[in-house]
Amino acid sequence: MAAKKSVYGVHPSVTMVQSWQAALKEKSGRSLDEWLALVKKSAPKAEKERLEWLKQQHGLGTNSARWIAERAEGKGAEMESPEAYLQAAEGYVEEMFAGPKQGLRPIYGALLELGLSLGTDVKACPCQTIVPLYRNHVFAQIKPTTRTRIDLGLVLGARKAGGRLIDTGGYAKKDRITHRIGIESAAEIDAEVKRWLRVAYEEDK
């Protein structure tokens, strides 16, 4: 029986981590497995101290040191292959909408379907607390903010807020997400929501 195709896309970080891992031996003199063995044998126990040890004692950059320190803690394995990520992504969403936020799942499903319907170049790449929507970059994100509300975050630049559209302050802070619309029922996914989501999609060129 063929495996069920995931509705989600592979997060861009997976390719980044795979490229980093492939080049690690040449750039640092050790493979990931060799670094993990060294960390286990000689590094401080706390993750933060391990991070500094890798940077100060071995001259690694921040990203390399962080990834090695996390992997030594058993974290981040889901970013090492598309298959591992997609399996983890399903779990992220289940966890996000478990317990008291379970009632938000139909709203999430409707927003996800709406986002993916914008074009064949859209993909949803769940993280642990949000589900970003990508075209060329993130143009929107779905976030279960409270037990009763999902915030649809949007990338809309310096536009003034109005109607249901709220300025997050993100543009001034140079954050990717600049606006949001709060949604408490599937019925609230109206023409205004659809219009702003399409604008964010179309402007991500």
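Colleague: Which residue does R176 form a salt bridge with?

Modeller: R176 forms a salt bridge with D204, and the closest N and O atoms of the two are 3.6 Å apart; the term means a side-chain nitrogen of Lys or Arg within 4 Å of a carboxyl oxygen of Asp or Glu. R176 sits in the loop between strand 5 and strand 6, whereas D204 is in the segment after helix 7, so this pair ties together parts that are 28 residues apart in sequence. Please keep in mind that this is a predicted model, in which local features need pLDDT of at least 70 and side-chain atom pairs count only at pLDDT 80 or more, while totals for chains, interfaces and linings use all residues. Residues are numbered from 1 along each chain as its sequence is written, and side-chain values use heavy atoms, with hydrogens and water left out.

Colleague: How many salt bridges does the structure hold?

Modeller: The structure holds 16 salt bridges. One of them joins the side chains of E73 and R50, with N to O at 3.0 Å. E73 lies in the loop between helix 4 (62-72) and helix 5 (82-96), and R50 belongs to helix 3 (residues 47-58), so the pair ties together parts that are 23 residues apart in sequence. Helices (H or I, at least four residues) and strands (E, at least two) are DSSP runs, numbered from the N terminus. In this pair R50 is buried, with a relative accessible area of 9%, while E73 is partly exposed at 36%.

Colleague: What does E188 meet in a salt bridge?

Modeller: The side chain of E188 meets that of R164, at 3.7 Å from N to O. This pair too links distant parts of the chain, since E188 is in the loop between strand 6 and helix 7 (191-203) and R164 is in the loop between strand 4 (150-154) and strand 5, 24 residues apart. Both ends count as partly exposed, because E188 has a relative accessibility of 28% and R164 has a relative accessible area of 23%.

Colleague: New topic: where does T178 lie?

Modeller: T178 is in the loop between strand 5 (166-167) and strand 6 (179-183), and at 2% relative accessibility T178 counts as buried.

Colleague: What is T178 in contact with, leaving aside its neighbours within four places in sequence?

Modeller: Contact here means heavy atoms within 4.5 Å. With those neighbours set aside, T178 is in contact with L154, V155, L156 and G157, with I166, D167 and T168, and also with G169, G170 and Y171.

Colleague: Back to helix 4, then: which of its residues are buried?

Modeller: The buried residues of helix 4 are S64, A65, W67, I68 and A69. What covers these buried residues includes helix 1 (12-28), helix 2 (32-42) and helix 3.

Colleague: What happens just after helix 4?

Modeller: Just after helix 4 comes G74, which takes a positive phi of about 85°. E73, the residue that meets R50 in a salt bridge, also lies in the loop between helix 4 and helix 5.

Key. Buried means under 20% relative accessible area, exposed over 50%, partly exposed in between (1.4 Å probe, protein chains only).
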